[in-house]
Amino acid sequence: MKKRFIGKRSKSKKGFKIICFLSMILFFFFLSFHLLTNHWKKDITSKEFLEALLKNATGQNNFYEFLITNPTEYLFSSAMGIEITKSESVFQEEEVSGPVYEYVPDPNPNTENIKVDPMIYIYNTHQTEGYSKYGMSEYDIEPTVLFASYYLREKLNDYSLPTMVETSDITEVLRANNWTYSHSYEASRYLVLDAKEKNPSLSYFFDIHRDSAGYNASTTEYNNKKYAKILFVIGKEHENYEQNLNLANQLNEKIKNKIPSISRGVIGKEGKNVNGIYNQDIHPNTLLIEIGGKDNSIFEVTNTMEILASSLKEYIEENEE
């Protein structure tokens with residue numbers, strides 16, 4: 001009787017079938033897990049989500065313990081050894097790529113906590129710059145720079161640094177003046193000057209943006225926690241820009257002392273096809289701050305806002321009489 005010969009090709013086919021079979025088992029397991037977690041998450045309402053986010057600003061509970069977002073993706077990435085990578089880019093003038101949403105109303109408009117004499121003014125020249133909707137599919141919440149600014153306000157107010165966020169819709173200012181998106185800095189300038197006139201106590205003006213950088217360039221991890229990176233942008237086309245630069249450099253050093261890899265640095269902008277001023281001629285303590293990129297989640301952004309808030313607290317305590 002002739003011996004049956006099993007060639008390498010047959011063994012390869014058998015191995016391939018085994019891999020396919022195991023892959024199908026893993027697929028149905030993770031699909032079932034995903035459906036179950038989606039069912040559980042429906043018990044958490046948008047209101048509860050916002051309450052948890054804002055309570056975290058006061059240290060009353062831990063936001064991540066309250067809501068574990070999309071555990072299926074995290075588990076799948078760990079089990080399969082997959083690392084999500086995206087293309088990298090740098091800050092660009094009038095960046096509009098990535099998620100752009102509608103105006104986001106203040107989720108915590110409680111007037112009882114409004115300070116009479118605000119010290120810090122937060123605004124967003126590009127209010128609808130959005131972040132990834134990762135973990136937000138179950139909620140009627142748009143993760144924009146404006147939403148992130150509301151969170152930063154809560155943290156600063158908790159540090160007894162009276163802070164206000166510009167809640168006027170910049171798109172309405174653009175429409176009223178028949179301006180296009182390229183006139184956004186003119187629109188925000190109008191709002192900043194108006195706030196400055198009405199609130200003489202204001203000493204700091206921060207324009208919060210979201211960069212177009214890809215996920216790898218805009219994210220860092222420290223002590224098993226992910227953060228959206230910070231980039232300070234200084235307009236060099238006005239005579240007093242060095243005062244803005246000094247503030248940016250000092251804040252940059254403070255946040256790097258907390259998390260060395262969280263900063264993308266301080267860059268100066270001037271020349272053709274850039275704004276070159278960014279309304280920073282209005283006051284020496286005016287900054288444009290890029291928080292994360294288009295692929296960052298709001299959770300990574302709020303983690304960074306906590307670092308920024310504590311760094312601001314340290315700087316103000318050291319420099320204010």
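Predicted model: local features only at pLDDT ≥ 70, side-chain atom pairs only at ≥ 80, totals over all residues.
Asn223 sits in the loop between strand S4 (219-222) and strand S5 (225-228). Asn223 has a positive phi of about 55°, although it is not a glycine. Is Asn223 buried or exposed? With 65% relative accessibility, Asn223 counts as exposed.

There is a second residue of this kind to point out. Ser160 also is not a glycine, and its phi is positive, at about 60°. You will find Ser160 in the loop between H5 and S2. Its relative accessible area is 58%, so Ser160 is exposed.

Now the chain as a whole. The protein chain holds 10 helices and eight strands. Of its 321 residues, 47% are buried. The accessible surface comes to about 17400 Å², and carbon and sulfur atoms account for 52% of that. If you take the contacts between residues at least 6 apart in sequence, 81% of them join residues at least 24 apart.

Next, the sheet. Six strands form an open sheet, and reading across, the order is S2-S1-S3-S8-S6-S7, with mixed pairing. Which strands stand at the edges? They are strand S2 (163-165) and strand S7 (263-269). Each has a single partner strand, so one side of each is left without a neighbour in the sheet. On average, neighbouring strands of this sheet are turned by 25° against each other, direction ignored.

Within the sheet, look at S1 and S3. Strand S1 (residues 120-123) and strand S3 (residues 204-211) run parallel and are joined by four bridges. Ile120 stands opposite Tyr204 in S3.

Two helices to follow here are H5 and H7. H5 packs on the sheet, where it touches S1, S2 and S3, and its direction makes about 165° with that of S2. Helix H7 (residues 184-198) also packs on the sheet, touching S1, S3 and strand S8 (286-293). The direction of H7 makes about 155° with that of S1.

H5 has a helix partner as well. The axes of helix H5 (residues 145-158) and helix H10 (residues 298-319) come within 9 Å and cross at roughly 40°. The crossing of H5 past H10 is right-handed. Which residues meet there? From H5 they are Phe147, Ala148, Tyr151, Leu152, Lys155 and Leu156. From H10 they are Ile298, Val301, Thr302, Met305, Glu306, Leu308, Ala309 and Leu312. Sorted by class, the contact of H5 with H10 has 11 nonpolar, one polar and two charged residues.

What does Leu308 touch, leaving out residues up to four places away in sequence? It touches Leu152, Ile230, Ile289 and Ile291. Leu152 belongs to H5 and is among the residues that meet H10. Leu156 in H5 is another of them. Leu308 and Leu156 are 152 residues apart in sequence, and their C-alpha atoms are 9.3 Å apart in space.

How values were computed. Residues numbered from 1 in each chain as written. Heavy atoms only, no water. Axes fitted to C-alpha atoms, helices over the stretch in contact; angles between N-to-C directions. Left-handed = near helix turned anticlockwise from the far one by under 90°. Contact = heavy atoms within 4.5 Å. Nonpolar A, V, L, I, M, F, W, Y, C, P; charged D, E, K, R; others polar. Pairing = 2+ DSSP bridges. Buried < 20%, exposed > 50% of the residue type's maximum accessible area, 1.4 Å probe, protein only. Areas by Shrake-Rupley, 256 points an atom, 1.4 Å probe, with all protein chains shown as cover.
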